[in-house]
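Good morning, colleagues. Please look at the model on the screen while I take you through its core, its sheet and its salt bridges.

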Amino acid sequence: MDGFKPFTFGNTGPSVSITKNGLTFNKAAVEKLGSPQYTLLLINEDKKKLAVKKTSTTDALAVPFCASIKKGAPSVRWNSKELLKVICGMTGWDLNADGCMGYKVFASYDRSEGALIVNLMEAIENT
């Protein structure tokens, strides 16, 4: 079938879910980064963006990524209350409010920087 390609149901691309319990990077996000053992988290408070880049254990600011999960796990979760506090301060979100189920942010991959970019201003509230 010339010109056709398969469609994969459920593949919405890389995304990050943010709830009162932490940040979860979906399988597509993990794969876009190349399933790195360690990453570097960069924050642009003015633009309300996060960037996640592959790094090594020799980087003083390295954060465990795939190193902290079981082999073959479909996602990565960061349970950092400190990071959630920074994100809520940047966005004005109250993740502990009654009825708040968190937010989902579709991420983009910046090939030139080798970074997953998460624009918090594009977040969609979970319902």
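I begin with the largest nonpolar core, which has 27 residues; Ile18, Leu23, Phe25, Phe65, Trp93, Leu95 and Leu120 are the ones that touch the most other members. A nonpolar core here is a set of buried Ala, Val, Leu, Ile, Met, Phe, Trp, Tyr and Cys residues joined through side-chain atoms within 4.5 Å. Buried means under 20% relative accessible area, exposed over 50%, and partly exposed in between, with a 1.4 Å probe and protein chains only.

This is a predicted model: local features need pLDDT of at least 70 and side-chain atom pairs count only at pLDDT 80 or more, while totals for chains, interfaces and linings use all residues. Residues are numbered from 1 along each chain as its sequence is written, and side-chain values use heavy atoms, with hydrogens and water left out.

Which helix gives the most to this core? Helix H2 does, with five residues. Helices (H or I, at least four residues) and strands (E, at least two) are DSSP runs, numbered from the N terminus.

Five strands make up an open, antiparallel sheet, ordered E5-E3-E4-E9-E8; two strands pair if DSSP finds at least two bridges between them. Strand E5 (63-64) and E8 stand at the edges with a single partner strand each, so one side of each has no neighbour in the sheet. Strand E3 (residues 38-44) is joined to E5 by two bridges, and Tyr38 stands opposite Pro64 in E5. Helix H2 (residues 81-91) lies across E3 and E4, at about 25° to E3; axes are lines fitted to C-alpha atoms, for helices over the stretch in contact, and angles run from 0 to 180 degrees between N-to-C directions.

Finally, the salt bridges. The count comes to two, a salt bridge being a side-chain nitrogen of Lys or Arg within 4 Å of a carboxyl oxygen of Asp or Glu. Glu31 pairs with Lys27, the closest N and O atoms being 4.0 Å apart; both lie in helix H1 (residues 27-32), four residues apart, about one turn of the helix. The side chains of Glu113 and Lys53 also meet in a salt bridge, at 3.8 Å from N to O. Glu113 lies in the loop between strand E8 (108-110) and strand E9 (115-119) and Lys53 in strand E4 (residues 49-55), so this pair ties together parts 60 residues apart in sequence.

Terms used. Contact = heavy atoms within 4.5 Å.
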